[in-house]
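Have a look at the chain before reading on.

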Amino acid sequence: MGAACDDAVQQLARLLDQVEEPLKKTFQNVHQGYPTETLVRFLKAREWHVTNAHKMLVDCLNWRIQNEIDSILEKPIIPVDLYRSIRESQLVGLSGYSKEGVPVFAFGVGQSTYDKASVHYYVQSHIQINEYRDRIILPMATKKFRRPITTCIKVLDMTGLKLSALSLLKILTAISAVDELNYPEKAETYYIVNAPYIFSACWKVVKPLLQERTRKKVHVLSGRGKDELLKIMDHLSIPHFCRREGSSKASLSSVDDCFSLDHPFHQELYHYIEQQALNQELIKQGSLHVDIPDQDPDDAMIVEVIQAEFHKLGEQNGSADGDHK
């Protein structure tokens, strides 16, 4: 960082010293021993504008307190069959680590249906994965590789993406708002794989609207992207949908499928939350209702552009449920 960036970090740190004690306490769960790196993330998200970064961070800390985010890893989604249904319809998982020790998270964007539970359960599950990543996965990686590891790599599988995905835009927007405003700059790189025509068409109109630092993070790979991913991670860390030939899941073990509840990551996550709940004697049914923050105006505009492009493609295809490849 240059002198101006160092000065901005120091200014933000001084402002944070003035907040009330409850906010300082929840900030400890956010920074996990690396406050400077965390301040940098919020400054990057606000283009190094200290006042705006301070407001964003304080809003985030207040959101955490108001929604009891610090204790969200003590609230399992039960019964387990409900959680399994969520895992089958909200496809996300930890596939491994890069050669530099950065966690690799995989997302089945095109085949997630979000139709097995209420939106509250999906948002709760998403935040629990975020918090487990930040409090457990990243500190473990930091310890193993003996350097601060505070971000992750995301591989997004667009297999199966259709125009009907427009109906999911509301829940996807809610989850995106949670991430953008409360977990900013946690992804160092996005890799897009198995991109069909519909993604390419949307990306063409959305890309110019993104900030330069975001555009630089996004890499649209050819096909499954296996060869490119092998440059930064070993074969076992590559998500299953990049390793397998074709689209059939028949030969894929549930233990190899990082989206599956049977995968080691999800088993560890679920059992960790169960144990935390037992320790606090907190196990009870029901979803956690988390307030969804309002989108930034720029993000809202991007959503409108995506909606318009989906409608345009639907009209060109003669069906709102069309399926361009």
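## Ground rules

This is a predicted model, in which local features need pLDDT of at least 70 and side-chain atom pairs count only at pLDDT 80 or more, while totals for chains, interfaces and linings use all residues. Residues are numbered from 1 along each chain as its sequence is written, and side-chain values use heavy atoms, with hydrogens and water left out.

## Two domains

The chain splits into domain 1 (1-67) and domain 2 (80-244 + 254-279), with bounds that come from an automatic or database domain assignment. Their C-alpha centres sit 25 Å apart. Across the divide, 14 residues of domain 1 are in contact with 18 residues of domain 2 (contact means heavy atoms within 4.5 Å).

## The sheet

Five strands make an open sheet in the order β1-β2-β3-β4-β5, and the pairing is mixed. At the edges are β1 (92-97) and β5 (218-220), each of which pairs on one side only. On average, neighbouring strands here are turned by 25 degrees against each other, direction ignored. Axes are lines fitted to C-alpha atoms, for helices over the stretch in contact, and angles run from 0 to 180 degrees between N-to-C directions.

Strands count as paired if DSSP finds at least two bridges between them; helices (H or I, at least four residues) and strands (E, at least two) are DSSP runs, numbered from the N terminus. Which way do β3 and β4 pair? Strand β3 (residues 152-157) and strand β4 (residues 187-193) run in the parallel sense, over 6 bridges. Leu 156 stands opposite Ile 192 in β4.

## Two cavities

There are 2 cavities of 30 Å³ or more. On a 1 Å grid over the protein atoms alone, a cavity is a set of points where a 1.4 Å probe fits but cannot get out, a pocket is an open set with protein on both sides within 12 Å along at least five of seven lines, and lining residues have an atom within 4 Å of a point. Grid points are joined across faces, edges and corners, and a volume is the space filled by probe spheres set on the points.

The largest cavity comes to about 70 Å³. Its lining includes Val 92, Phe 105, Phe 107, His 126 and Cys 152. β2 (103-108), α6 (119-145) and β3 each supply at least two lining residues, with α6 giving the largest share at 4. By class, that lining divides into 5 nonpolar, 2 polar and 2 charged residues (Ala, Val, Leu, Ile, Met, Phe, Trp, Tyr, Cys and Pro count as nonpolar, Asp, Glu, Lys and Arg as charged, and the others, Gly among them, as polar).

Where does the second largest cavity lie? Both domain 1 (1-67) and domain 2 (80-244 + 254-279) give residues to its lining, so it lies between them. Its volume is about 60 Å³, and among the residues lining it are Asn 29, Arg 41, Arg 64, Glu 131 and Lys 186. The elements giving two or more residues are α2 (21-31), α4 and α6. This lining has 3 nonpolar, 2 polar and 5 charged residues.

## The second largest pocket

About 270 Å³ of space lies in the second largest pocket. It has 15 lining residues, and Arg 46, Lys 55, Met 56, Asp 59 and Leu 181 lie nearest its centre. α4 (50-66) and α7 (169-182) each supply at least two of the lining residues, and α4 gives the most, with 8. Sorted by class, the pocket lining has 5 nonpolar, 4 polar and 6 charged residues.
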